[in-house]
Amino acid sequence: MAISVTEAAKAGVPVLLQGNEAVAEGAIAAGVRFYAGYPITPSTEIAEVLSRRLPEVGGTFIQMEDEIASIAAVCGASLAGAKALTATSGPGFSLMQEMIGFASMAQIPCVIVDVMRGGPSTGLPTDPAQGDVMQARWGTHGEHSVIALVPSSVEECYTLTVEAFNLSEQYRTPVIILSDALIGHMREAVTLPHPDKLRVAERGMPDCDPDEYDTVSSTIDNILPRPPLGSPFKVHVTGLVYNRRSGAPDTADPATAADLGRYLREKIYHHRDAIVRVEEVEMDGAEVAIFAYGSVARSAMAVVKKARAQGARVGMVRPITLWPFPTAAVARMAEQVRTVIVPEMNIKQMSWEVEAAVKGRAKVVDYGRVDGELITPEEILELVKPEFYYHRWEDT
Amino acid sequence: MSALVDEQRLEAAPEDCAPPRIKPHTTAEIRRHLRTPKTLWCPGCSNGTITRALIDAVLGLAIDPEKLVVVAGIGCSGRISAYLEYSTVHTAHGRALAVATGAKAADPGLEIVVVMGDGDCAAIGGNHFIHAARRNVDLTAIVFNNSIYGMTGGQTSPTTHLGDKSTTSVYGNVEPAFDLCELAHAAGATYVARGTAWSYQQLVNVIAGGIVHKGFSMVEAMAVCPVYYGRFNLTPDPAEFLRLQKEHAVPAAKFEDETRSHERYPIGVLHHAERAEFTTGLAGLKERAREAGHA
Amino acid sequence: MPEPTASARVELRCSGSGGQGILLAATIIAEAATALGRRVVQTQSYGPEARGGASKAEVIIAEEPIDYPEVRRPDVSLVLSQAAYEKYAADTRPGGLLIYDSGLVEADPGAAGVTHCGLPFTQVATDELGKKVVTNIIALGALVARSGVLPADAVEEAVLSRVPPRFRELNEKAYRLGLRLAAGAADAETTTKDGLTPTTAPAPGS
């Protein structure tokens, strides 16, 4: 490449970038200085790019013995003060679930990229799917909350990686990026934001005496700090239930467990409005809405354009944040439209969630495809047409 | 005996094997390194003894407690993390070494001691164990080996001996046990030592030797578990159990060309070598990458 | 073959078998279009077991944001193997252009309204330059010259910025050879109303 990605971003000139490369470059821009991972298609380019880029900026790349070790090393590096990333695909994501739960319980900021492919098991290693959206939400055991973001373009692979780290630092929680084989391997011409214009949340130290440190109330700029290992704070980090103020384990008192459980949920859900991002396209006056995320949203976008060009009032609601679920945006949509169409590369995983939020206020039509092929605009259009029985469709 | 293909390996001369000699500290001095004097360990358990040996070694080496990090797994031994007044991480079962590898690589200035049980280290964490040894990460792993799963109530572990009884080997264990020191050595560990709860001073010394060593150190601390292992096998009496440990353990210098068994095994520094350390290698790699990047 | 207009979405597909530099050719087109400030999406599919031994790399170039990112009816197809021809040639849009390696592909110009252009890329690479490895760059030159999808000099710049300095001269030669080869083919080409006659231009100097 004639010009580096960082130089291009500074100069404001477009570069041709692959989705996986964009995740890696976004991570560098977000201040990530540690990556641990295990090779798996279709995510491997993220590791390959970072194995070259991280040492250049003084960071560390380790290829671990498996995905369990990868997310464990990411937790360790984050606890030692580094912004840390791992990337994988379905089978590896399943192996990581144990330690994602640990990161959730122990409040360790980190980011996990799952470049989704067809499954279960080895499945369709080179083909896209969206079958891990529920695994992202409920993959680890026990009650927990999670943040998951879904890019629909190469540019979003970059910007959402930065965003994922900001959220993980701010809420001291693992954040999952749900890319897929199509978005990950696709190249697009992108003009990246200037590095100075990126908001990057920094890891802070509590500005109190170590003896007065309280894991909940000692915040800096609205960020929950995580004093690093080997500091005067002498933190204790545990996967056991602990007193959320002192950090000391306590498995005997139900009130402590209830208090921690509520806190871990509320620190995300209470800030849902600040976390959740949804893109609404042509929803002005829309009678039918397509709820689509990730690569499928590209096809949905084509349908919205075609339908609007013919005078059929179709809009799209595209969740950028999949978890926490954008309940408010879906409720708004349900009040407005008569039908919500949910095309996804799985069978009903999010459409159930949409139905729960729609609460009978609109008809929900689900459409699933699990053959490794991207749902086409024509397929979605065939679902849209019956919702406009009076409309005379021209050939498209 | 090494499973590594590594030309940099240099076997050290036997006289280099002597670990530092640490003067024991008073209980008051030891207590200052504890968050709490209360533990959940059973009466007669060795874990308190090994914990004290670790603190004695830390005090004897004058390590800054603020720079010391103890990363532990899950099981009876893992509870040490809540008791020590250092930065501590109580990770998931088997994952302590992988977490510690990430922490050490991100901040090589940390002095990290990893505490694991025998099942934690060699069963669920076996993969991480051999790879941490192969990488020669500058960590000190102390394996509390009581030959049984204590926290879950006395099940067979990879160090339960052939024929032993446990709650999951009621007819006698049909599997042979791992020799953790041989395993560590074969996988590439550059400091391998064994101590017993009975030989306290020797245990303190080999732990100190592991901390001082630059590279992956593995100290197998032979523990007694009178409540489960002892009751099902040798003896439920802690004192008698320790006396048997004294009988079974043979100083490494006197253990020549013998077949190791659970009734006769060597203690002391069993292997000590110098080999390129992982985080030093990473630092060199960053240097090269920066030069290439700016070229 | 459509004249690309400022607002048109043009879809290209390069296909062949692994090792022919299909992806590199597509990437160079995509990079040239990127440098010109166009909207670009480039995708590929690989995995011989799943795809029957034919691999493809595709590029969409447009002025407006590109939504659906996949190519189904390419305006321009480049085909470098028989397997790829059989799998993908029929997808070419009526009125489109199909360029293929006449030494490797036995074409059947059944697809009405598709201009067939067969040129001996591999043979020319071996005979003229002694390097079979630049077949893809010669084909790229021919594709650019025949389709007019991007200015020839912009693509040449993209070629040169992609290859290591010591291979620049070779690739420059290969690319220009491709441009000339296509110009000769255009002269020789004849079309009929109900279909097109495939033409095979002789290699220069042979």
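Visitor: How far apart are the closest C-alpha atoms of chain B and chain C?

Guide: No contact joins chain B and chain C; two residues are in contact if their C-beta atoms, placed from the backbone, lie within 7 Å. This is a predicted model, in which local features need pLDDT of at least 70 and side-chain atom pairs count only at pLDDT 80 or more, while totals for chains, interfaces and linings use all residues. Residues are numbered from 1 along each chain as its sequence is written, and chains are lettered from A and ligands numbered from 1 in the order in which they are written. Between chain B and chain C, the closest C-alpha atoms are separated by 15 Å.

Visitor: Which chains share the most contacts?

Guide: There are 2 pairs of chains in contact. Of these, the pair that shares the most contacts is chains A and B.

Visitor: Which element gives the most to the side of chain C that touches chain A?

Guide: This contact takes 17 residues from chain A and 21 residues from chain C. Helix H1 (22-35) and strand E2 of chain C each supply at least two residues of the chain C side; helices (H or I, at least four residues) and strands (E, at least two) are DSSP runs, numbered from the N terminus. With 6 residues, the element that gives the most is E2(C).

Visitor: Which are the edge strands of the open sheet of 8 strands?

Guide: The order of this sheet is E1(A)-E9(A)-E2(C)-E3(C)-E1(C)-E4(C)-E5(C)-E6(C), with mixed pairing; two strands pair if DSSP finds at least two bridges between them. An edge strand here pairs on one side only. The strands that do so are E1 (15-18) of chain A and E6 (115-119) of chain C.

Visitor: What is the bridge partner of C:Gln44 in E3(C)?

Guide: Strand E2 (residues 39-45) and strand E3 (residues 55-62) of chain C run antiparallel and are joined by 7 bridges. In E3(C), the partner of C:Gln44 is C:Ala57.

Visitor: How many residues of helix H4 of chain A are buried?

Guide: Helix H4 (residues 67-79) of chain A reaches 18 Å from its first C-alpha to its last, close to the 18 Å expected at 1.5 Å a residue; the expected span is 1.5 Å times one less than the number of residues. A residue is buried if 20 or more other C-beta atoms, placed from the backbone, lie within 10 Å of its own, exposed if 12 or fewer, and partly exposed in between. H4(A) is mostly covered, and the number of its buried residues is 13 of 13.

Visitor: Why does A:Arg245 count as partly exposed?

Guide: A:Arg245 is found in the loop between strand E10 (236-238) and helix H9 (254-269) of chain A. Leaving aside neighbours within four places in sequence, A:Arg245 is in contact with A:Asp214, A:Thr215 and A:Val216. A:Arg245 counts as partly exposed because its C-beta neighbours inside 10 Å number 16.

Visitor: Which element gives the largest share of the side of domain 1 of chain A that touches domain 2 of chain A?

Guide: Chain A is divided into domain 1 (5-197) and domain 2 (279-388), with bounds from an automatic or database domain assignment. Their C-alpha centres lie 26 Å apart, and 21 residues of domain 1 are in contact with 20 residues of domain 2. The elements giving two or more residues to the domain 1 side include strand E6 (124-128), helix H6 (133-138) and strand E8 (174-180) of chain A. The largest share, 4 residues, comes from H6(A).

Visitor: Which residue stands opposite A:Val288 in E13(A)?

Guide: An open sheet of 5 strands in chain A has the order E11-E13-E12-E15-E16, with mixed pairing. Within this sheet, 4 bridges join strand E12 (residues 288-291) to strand E13 (residues 314-319), which run parallel. Opposite A:Val288 stands A:Val314.
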